Amino acid sequence: MSTLIACSHGTDSADGRRTVEELVGLVRARMPRTRVVQAFVDVQEPDITTVVDREILADEVVVVPLLLSVGFHTAVDIARAVRRHPGVRQADPLGTHPLVAQVLATRLRASIGGTWSDGDAVVLAAAGSTNPAAVADVEAAAAQLAALIPAPVTIGYASAIDPRIPEAVQSARDAGARRVIAASHVLAPGYFAGLVQSAGADVVSAPLGVDPRMADVVIDRFRSA
């Protein structure tokens with residue numbers, strides 16, 4: 001039996017912490033015979049290295065990044081903790097799983113009251129990373145979302161690379177959009193969710209948050225690692 005370490009970024013936001021805890025609780029409820037524990041790469045404790053070092057003493061370990069793309073935290077922080085122990089496995093991040101696109105589409109429909117209009121445009125608002133693999137992950141997520149909704153989808157980033165979210169919102173307006181909707185490609189409330197909220201879109205969807213499908217994504221990544 002393996003231990004699932006659910007490793008998230010960490011946040012100062014009380015709502016963000018509660019959201020991640022509730023999501024991990026959903027995973028735990030769906031896997032009653034698997035030990036599920038939390039770890040973090042920043043802001044919160046315990047850190048991922050400490051948790052891996054502790055859990056490997058009693059069980060096999062799979063680290064599932066509660067992150068939406070590859071990047072520094074998956075390639076450096078988590079990978080460094082995993083490499084310390086032969087046999088510890090690192091799962092893929094969550095963002096390119098098809099169920100994530102379904103949750104994004106659900107959040108978008110809720111944000112607009114369920115009714116799409118001619119002239120709508122969606123900006124997939126992601127955190128951003130200079131890692132080319134992270135860019136590829138976000139592009140894949142955008143393509144999956146575009147297949148599910150009747151509006152064009154472009155991408156904006158909160159940090160690291162261009163276009164930034166406000167620029168992507170303005171570009172959509174310049175291209176003729178009458179309503180620009182930002183799809184929050186973030187897991188929970190916190191710093192990046194705040195940047196999406198303040199980027200100037202007419203409507204902003206809620207973060208992916210606590211959803212049974214997100215728990216299923218975590219479990220699928222765990223089993224596929």
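L66 touches A6, C7, S8, V20, V24, L94, L187 and V218, residues up to four places away in sequence being left out of the count. This residue also belongs to the largest nonpolar core, where L66 is among the members that touch the most other members. The structure is a predicted model.

**Nonpolar core**

- The largest nonpolar core holds 47 residues.
- Alongside L66, the members that touch the most other members are L4, V64, V122, L124, L145 and I149.
- Helix α8, which spans residues 212-224, gives the most to this core, contributing six residues.
- In soluble globular proteins, nonpolar side chains tend to be buried together.

**Loop between β2 and α2**

- This loop lies between strand β2 (35-40) and helix α2 (48-55), and P46 has its place there.
- The peptide bond that leads from E45 to P46 is cis, and its omega is near 5 degrees.
- V43 is located in the loop between β2 and α2 as well.
- The phi angle of V43 is near 70 degrees, which is a positive value in a residue other than glycine.
- V43 has a relative accessible area of 41% and is therefore partly exposed, since that class runs between the buried limit of 20% and the exposed limit of 50%.

**Loop between β6 and α6**

- P163 is found in the loop that connects strand β6 (153-157) with helix α6 (165-174).
- D162 and P163 are joined by a cis peptide bond, with omega at about 0 degrees.
- A160 is likewise found in the loop between β6 and α6.
- Phi of A160 is near 80 degrees, again a positive value in a residue other than glycine.
- The relative accessibility of A160 is 40%, so A160 counts as partly exposed.

**Aromatic pair**

- One aromatic pair is found when the whole structure is searched.
- The pair is formed by Y191 and F192, with 5.3 Å centre to centre and 70 degrees between the planes.
- The arrangement of Y191 and F192 is edge-to-face, because planes over 60 degrees apart are counted that way.
- Y191 is exposed, with a relative accessible area of 60%, whereas F192 counts as partly exposed at 28% relative accessibility.

Note on methods:
Residues are numbered from 1 along each chain as its sequence is written. Side-chain values use heavy atoms; hydrogens and water are left out. Rings of Phe, Tyr and Trp (its six-membered ring) pair if their centres lie within 6.5 Å; planes under 30 degrees apart count as stacked, over 60 as edge-to-face and the rest as tilted. Buried means under 20% relative accessible area, exposed over 50%, partly exposed in between (1.4 Å probe, protein chains only). A nonpolar core is a set of buried Ala, Val, Leu, Ile, Met, Phe, Trp, Tyr and Cys residues joined through side-chain atoms within 4.5 Å. Helices (H or I, at least four residues) and strands (E, at least two) are DSSP runs, numbered from the N terminus. Contact means heavy atoms within 4.5 Å.
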